[in-house]
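Here is a short briefing for you, written with pockets, strands and salt bridges in mind. Have a look at the model first, and then we can walk through it together.

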Amino acid sequence: MKSSIVFLSLLFLSAFSGAGLAYEVIRTEAVSEIRAPKSYGMNQPSDVAIGPQGKIYIVDGVNNRVLGFGPDGALEFSLSHLGRKHGALKSPLGINIDADGNLLVADTANQRIVVFGRDGRLSRIYHLPKGDPPPDPTDVLSDLEYHYIVDNDNHRILVYTADGKLFNSFGKEGEGPSEFKYPYKIEMDEKRRLYVVDVLNSRVQILTTSGNYLGQIGHFGITPGALFRPNGIALDRKGRVLVSDSYLGVVQMFDRSGKFLGVIGNKDLRPLQFQSPSGLSVDAENRLYIVDMPAGKVTVRKILE
């Protein structure tokens, strides 16, 4: 598997260098790398979110927890432990912060969503509908009125009210509009349009909050602007869409119409290569946080363009 990922990454970079177009690299500069102390050790982190006052929350799912860091990257706390009761987590994958600063965690193996207040105390648990296959939450976001939950194995999005009631469900397995093959991450823009990473369809679907299809970003391939195994998604301060590709090892940028703008690179216009980039987040200063899962770290880059 690792050798296949490396091979695809090399093919992508070869295709990119052959394009010869400097504007296809989005210039960034290094800010920091966030790692847990050796006594904690992040094991294949999957997602990152930025909270009030620049707090950084990283999902450390193999260790069944969320780690909280200060704006300077210093570890401040570890939230939860293996289990099911009292907000304990089991193999969580996704995290988001709502407008009130609450932490929403996709508690994947427990088949639920756990909400923690800004003080780290358990606030609410959303138990997902049982079925065959059972629910498989991989990400969640909130607009305060509703919570939007990615149910990966059931190829759908679940919509819950703020008081914990199932309000809507949309999507099914398929390749057409508003259909999914293992959706994974979700994001929302200021116009309340949803961006859903549709992994095996190699695209990001743009949908209304009721599931109506508006468009898509990306298509299957290994050349710049194509997606092979899209994973994380974030919108920067200019409204541009950033998508990580866990197999190609890069983060690409698109506008909201799906036009390819470039691949994240350094100030010398060289594309940046990661082992297997996963979750993404952007803070108020337009700093991009990139989870590099097998490397056990989060790379922080300032977007310069």
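The points below go from the pockets to the strands and sheets, and then to the salt bridges.

This is a predicted model, in which local features need pLDDT of at least 70 and side-chain atom pairs count only at pLDDT 80 or more, while totals for chains, interfaces and linings use all residues. Residues are numbered from 1 along each chain as its sequence is written, and side-chain values use heavy atoms, with hydrogens and water left out.

**Pockets**

- The largest pocket has a volume of about 870 Å³. A pocket here is an open set of points on a 1 Å grid over the protein atoms alone, where a 1.4 Å probe fits, with protein on both sides within 12 Å along at least five of seven lines. Grid points are joined across faces, edges and corners, and the volume is the space filled by probe spheres set on the points.
- The lining of the largest pocket counts 39 residues, and Asn 96, Ile 97, Glu 187, Arg 237 and Val 282 lie nearest its centre. A lining residue has an atom within 4 Å of a point.
- Two or more residues of that lining come from each of β2 (47-50), β6 (94-97), β10 (137-142), β14 (183-188), β18 (230-235) and β22 (277-282). Strands are DSSP runs (E, at least two residues), numbered from the N terminus.
- By class, the lining of the largest pocket holds 16 nonpolar, nine polar and 14 charged residues. Ala, Val, Leu, Ile, Met, Phe, Trp, Tyr, Cys and Pro count as nonpolar, Asp, Glu, Lys and Arg as charged, and the others, Gly among them, as polar.
- The second largest pocket has about 200 Å³ of space. Its lining has 13 residues, with Leu 93, Tyr 184, Val 199, Asn 231 and Met 293 nearest the centre.
- Five nonpolar, seven polar and one charged residue make up the lining of the second largest pocket.

- Buried means under 20% relative accessible area, exposed over 50%, and partly exposed in between (1.4 Å probe, protein chains only).
- β2 pairs with β3 (residues 56-60) in the antiparallel sense over four bridges, and Ile 50 has Ile 56 as its bridge partner. Two strands pair if DSSP finds at least two bridges between them.
- The β2-β3 hairpin has five residues between its strands, and Gln 53 in the turn has a positive phi of about 60°.
- β14 is largely enclosed by the rest of the structure, because six of its six residues are buried.
- β14 runs antiparallel to β15 (residues 194-198), joined by four bridges.

**Open sheets**

- Four strands form an open sheet in the order β14-β15-β16-β17, with antiparallel pairing. Its edge strands, β14 and β17 (213-217), each pair on one side only.
- Eight strands form another open sheet in the order β18-β19-β20-β21-β1-β24-β23-β22, and here the pairing is mixed. The edge strands of this sheet are β18 and β22.

**Salt bridges**

- The whole structure has 20 salt bridges. Each is a side-chain nitrogen of Lys or Arg within 4 Å of a carboxyl oxygen of Asp or Glu.
- Arg 192 forms a salt bridge with Asp 143, with the closest N and O atoms 2.5 Å apart. The pair links distant parts of the chain, from the β14-β15 loop to the loop between β10 and β11 (146-151), 49 residues apart.
- Arg 192 counts as partly exposed, because its relative accessibility is 33%.
- Arg 156 and Asp 151 form a salt bridge at 2.7 Å between the closest N and O atoms. Arg 156 is buried at 19% relative accessible area, and Asp 151 is buried at 0%.
- Asp 189, Glu 190, Arg 193 and Arg 256 are linked in a network of salt bridges.
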